[in-house]
Amino acid sequence: MTEHHELIHQAERFVQQELSGEASGHDWWHIERVRNNALVIAAKEHADVVVCELAALLHDIADEKLNKSKEAGLDKVRGWLRDHTDDQELTGRVMEIISTMSYNGGNNPPMTTLEGQVVQDADRLDALGAIGIARTFAYSGAKGRIIHDPGLSDEAQAQEDYRSNHKTAIYHFYEKLLKLKDLMNTPYARELAEQRHAFMEQYLEQFYSEWTVRENPRS
Ligand code: ADP
Ligand code: NI
């Protein structure tokens, strides 16, 4: 146990170093929130806390957006684990989670282990609610994209050529965020996701009502 305590502490420092200054939604505080979510959900679901905490801490080190390729990212995590622990079982379980948990348009197969389900839920929760909204606009801004374009239909934005440059922040709600609550694995995380989902719907309603102010004060 103490050995794992030290390992977690080392992972924390490694991730802090690697992600410092990352402004596109993957900063250290995202990791810290995902780890805390994971610890709370793991306790409720009686999952292995060390596996969940370590996978939560390391999950974005392998992110494709921050590495040359997915494989290169996974190698980085694998290399770090090899240098810091002899516990092969723990390493295997953490690698299995990190290599399978990404969203991928909702097309990846469901997580097979309880710990994988917990960490995936913990990460997804951070894409929802007030924080999820903030991260979406931060990500979109970092990509140089606009907030919203009422002239673009969802269909147009779903087209291949709109995907890279013209996708708006608001479109991301429909493409991903509003779908997440139905993809939650564990009952407790689903409950939290439903609250955050309701808040996002309320947010969008307010957003559109402000966008189209019908009353002209000068008329
Ligand atoms: P995660 O750390 O949850 O795996 P991602 O790497 O998919 O997240 O994205 C980081 C953050 O940026 C998330 O909050 C996500 O919802 C948001 N995001 C991802 N893609 C887009 C996009 N095309 N437009 C706006 N926000 C995005
Ligand atoms: Ni993440």
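**A38 and its surroundings**

Author: Leaving aside residues up to four places away in sequence, A38 touches C52, E53, A56, V118, V119 and A122; two residues touch, or are in contact, if their C-beta atoms, placed from the backbone, lie within 7 Å. This is a predicted model, in which local features need pLDDT of at least 70 and side-chain atom pairs count only at pLDDT 80 or more, while totals for chains, interfaces and linings use all residues. Residues are numbered from 1 along each chain as its sequence is written, and chains are lettered from A and ligands numbered from 1 in the order in which they are written.

A38 belongs to the largest nonpolar core, which has 37 residues. A nonpolar core is a set of buried Ala, Val, Leu, Ile, Met, Phe, Trp, Tyr and Cys residues joined through C-beta atoms within 7 Å. A residue is buried if 20 or more other C-beta atoms lie within 10 Å of its own, exposed if 12 or fewer, and partly exposed in between, with C-beta atoms placed from the backbone. The members that touch the most others are A38, C52, A55, L58 and V119. At least two core residues come from each of α1 (2–19), α2, α3, α4, α5, α6 and α11 (187–211); α3 gives the most, seven residues. The core lies between domain 1 (1–107) and domain 2 (127–219), because both give residues to it; these bounds come from an automatic or database domain assignment. In soluble globular proteins, nonpolar side chains tend to be buried together.

The helix names refer to DSSP runs (helices are H or I, at least four residues; strands are E, at least two), numbered from the N terminus. The chain has 11 helices and zero strands. Of its 219 residues, 30% are buried. Among contacts between residues at least 6 apart in sequence, 60% join residues at least 24 apart.

The expected span is 1.5 Å times one less than the number of residues. R93, V94, I97 and I98 are buried in α5. They line one face of the helix, because seen down its axis they fall within an arc of 125°, the arc being that of the directions from the helix axis to the C-beta atoms. These buried residues pack against α3, α4 (70–84) and α6 (114–125). Turned away from them are the exposed residues Q88, E89 and G92.

Helix α7 (residues 129–142) can be described in the same terms. G132, I133, R135, T136 and S140 are its buried residues, and they fall within an arc of 165°, so they too line one face. Their cover includes α10 (169–175) and α11. A130, A134 and A142, on the other side of α7, are exposed.

Two loop residues complete the picture. H46, between α2 (28–45) and α3 (49–58), is exposed, with 9 other C-beta atoms within 10 Å. Its phi is positive, near 55°, although H46 is not a glycine. Most residues other than glycine have a negative phi. T112, between α5 and α6, counts as exposed because it has 11 C-beta neighbours inside 10 Å.
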